[in-house]
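Student: I am new to this structure and would like a close look at a single part of it. Could you walk me through one spot and then show me what surrounds it?

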Amino acid sequence: MRTSARDIASPFGACAFLILSACSVKGETVSPRYALEHCARVSLVSSETGQEIIGAEDLDIDRQGGRLFVSAYDRRAVERAARQGSDNIPEGGLYVLALDNLSERASRLQADPIVAPANGGLRPHGIAFDEATGVLHVVNRNYVREERRWRMQAQLLAIDPKGELSAAQDIACSANDLAVHKGRLLVTLDHGGCGFRAGFEDVFGLKQARLVDASGATLVDGIGFANGATTLADGRVMIAATRERLLYPVALAEGAADKQEAIPLGAAPDNLSISDDGRIVAALHPSLMAIGMQRRLGVGRSPSRILEIDPATGDRRILFDDPKASLISAATVAILTRELLIIGSVIDPGIVVCRSAS
């Protein structure tokens, strides 16, 4: 879920978020596939610094290599430093660890940094691993000093299989997540602009989010907060429309994009991934009010839900549900692989791993 320094600094943007999110969804009655007692928090620490990793907002996997990628930084610390005009803005990192290690039921694991900090700082947001090329694509939150204020400048980074930064380019400030479609990099922009403009969009329910390519060319527009994106086996791209509480399947062809009938979810989707058997795994926010209060004001905790969706039929199954945020707050991504459900949060430290299915 995107939040820029300007959004935090703007009372208008903060109020807009809370007003528009004052709606929650009643929980499902079907028992989740992974019960809370089958899940445990796993602390992640950097093998380089020994510091605890906080804010694992996005995850992706290399199925052939058996690796988990982690995109993380402490958003509240970064936003506070930017708002206060601090001399330095905290950084985060991109990390990798072996999936085999997650099967060992360890409560604490080391994660290896993938790349050194980029110019302007490494604060990774959405990521997408391209199995065909071995390149990890990243939305990075670069901060630029303008007199006494900091301005966030989003970047697209490409990390090659050797861990080298092979490409970097500036992109719209509202860049959120990434997907690779037939070798083409796609980017979700969750608003038409940032700061006051983003708050204006939220207050009036304007659907100005869109899907673009790496050049910034619009492919699909008219989306209410375009968040996570992923590519399906049939070639379609699935986009999470957070404020609309649904998914948009999009068929892309040369020179055309067809936004198909939406799949309603009953809660606000964040990041998306694909399970080993080709189903969509969506991290949901049952209460946007709760995550708004926690993200913006540091008040309370936010419930989390993970759904598995059949892309062909739209049939849904609850994989995980934590309505009281007793185990994880504000889950923003989930990976389902090898019968493991791995969950990351934009706020909490570490990850949650569910190891036994019901």
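Tutor: Let's start with Val 220, which sits in strand β13, residues 218–223 (strands are DSSP runs of E, at least two residues, and helices are runs of H or I, at least four, numbered from the N terminus). This is a predicted model, where local features need pLDDT of at least 70 and side-chain atom pairs count only at pLDDT 80 or more, while totals for chains, interfaces and linings use all residues. Residues are numbered from 1 along each chain as its sequence is written, and side-chain values use heavy atoms, leaving out hydrogens and water.

Val 220 counts as buried because its relative accessibility is 5% (buried means under 20% relative accessible area, exposed over 50%, and partly exposed in between, with a 1.4 Å probe and protein chains only). Leaving aside residues up to four places away in sequence, Val 220 touches Arg 210, Leu 211, Val 250, Ala 257 and Lys 259 (a contact means heavy atoms within 4.5 Å). From Val 220 to Ala 256 the C-alpha distance is 9.2 Å, though 36 residues separate them in sequence.

One of the residues touching Val 220, Lys 259, also lies over the face of Tyr 248, 4.5 Å from the ring centre. For such a placement, NZ of Lys or CZ of Arg must be within 6 Å of the ring centre and within 35 degrees of the ring normal. Elsewhere, the charged end of Arg 75 sits over the ring of Tyr 73, at 4.0 Å from its centre.
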